[in-house]
Amino acid sequence: MSAVVWVDGTLYPANEPILSASNHGVTVGDGVFETLAVKDGDPFALTRHLVRLQYSLDRMGMQAVDIPTVRQGIREVLEANPTEVARLRITVVSGSGPMGSVRGTGKPNVIIWGGPGSAPLRCRAVRAPWRRNERSAIAGVKSTSYAENVVMAQFAARQDADEALVANTFGYLCEGTGSNVFIERRGEVVTPPLSSGCLAGITRGLVLEWAAKVGMPVRVAAPGELEMGVLDEVRQGDAFAAVSSSTRGLAPIVWLDGADVHEGPLLRRVSEMYESRAKAEHDPPPPRTRSAV
Ligand SMILES: Cc1ncc(COP(=O)(O)O)c(C=O)c1O
């Protein structure tokens with residue numbers, strides 16, 4: 001039996017064509033998504049991912065989805081897939097629409113897809129020559145309009161790297177194509193603020209929260225504190241860096257723009273703390289209000 005996907009309540013073989021060519025998600029990338037790790041058979045931090053999914057739908061002005069139905073779809077995908085699922089993707093596209101950008105009146109489609117997890121746990125990064133627009137209409141939204149990330153990821157892959165780090169329009173460090181970024185320097189770890197235009201990564205949020213609980217010096221940088229030039233300090237060995245994502249955890253950057261760089265000792269301890277806490281707490285409750293950090 002081949003892998004299955006769940007679409008709007010029904011399981012299908014993964015390679016079966018299901019969506020119409022007029023789906024606005026297909027024509028203009030009008031949709032949102034979540035990627036989750038599955039740990040010991042459980043979708044990790046599912047409630048937080050579902051909260052962010054609702055936030056993204058809201059920011060996009062898309063119809064809300066029924067969360068219990070999405071949870072049921074996830075259970076069905078995990079049960080139905082013949083091989084172990086290590087990563088889940090939930091995608092919501094806005095449904096059938098016109099050829100142009102104006103959204104149609106189609107019903108949104110919910111797609112849940114399980115697959116193997118293969119993200120490298122040590123990161124080889126390059127600096128992207130482009131900018132993230134922190135004032136974009138969809139800054140901070142996990143939208144399926146990911147073409148700019150695709151171009152940057154291709155740019156990285158051509159240099160044998162697995163992540164590209166990007167600055168925002170002010171030249172401040174922002175994030176990677178599929179990760180947040182953390183910098184260790186002067187005995188503490190800092191990560192760009194959401195005002196830089198980065199995604200409010202679930203992993204980033206948990207690293208910050210859990211580190212604070214155990215008294216580790218990890219904080220959100222002040223706006224403008226982290227210039228892209230901090231990566232020169234990483235190259236020179238005066239600072240260290242790591243990327244975070246649901247599939248990678250907190251992964252050290254060990255190669256940057258063509259040269260090996262060292263793993264940060266504090267970042268390593270933070271990463272170990274994160275992994276052991278994540279093993280113990282599969283669905284950490286979301287903060288009561290969406291934090292501004
Ligand atoms: C642009 C971007 N930033 C950051 C992240 C990390 O987010 P999370 O920790 O929720 O996986 C992702 C994840 O895919 C991403 O696409």
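**Note on the ligand shell and the domain contact**

1. α5 (202–213) and β13 (240–245) each contribute at least two residues to the shell around the ligand. Helices (H or I, at least four residues) and strands (E, at least two) are DSSP runs, numbered from the N terminus. α5 provides the largest share of this shell, with three residues.

2. The model is predicted: local features need pLDDT of at least 70 and side-chain atom pairs count only at pLDDT 80 or more, whereas totals for chains, interfaces and linings use all residues. Residue numbers run from 1 along each chain as its sequence is written.

3. The ligand is surrounded by 14 residues, of which L199, G201, I202, T203 and S246 are the closest. By class, the shell holds nine polar, three nonpolar and two charged residues. Here Ala, Val, Leu, Ile, Met, Phe, Trp, Tyr, Cys and Pro are nonpolar, Asp, Glu, Lys and Arg are charged, and the others, Gly among them, are polar.

4. The protein comprises domain 1 (4–115) and domain 2 (123–280), with bounds from an automatic or database domain assignment. Their C-alpha centres are 26 Å apart.

5. Between the domains, 21 residues of domain 1 are in contact with 13 residues of domain 2 (C-beta atoms, placed from the backbone, within 7 Å). On the domain 1 side, β3 (31–39), α2 (46–60) and β5 (87–93) are the elements that give two or more residues. β3 gives the most, eight residues. This side of domain 1 consists of eight nonpolar, seven polar and six charged residues.

Conventions
Two residues are in contact if their C-beta atoms, placed from the backbone, lie within 7 Å. A residue is near a molecule or strand if its C-beta atom, placed from the backbone, lies within 6 Å of it.
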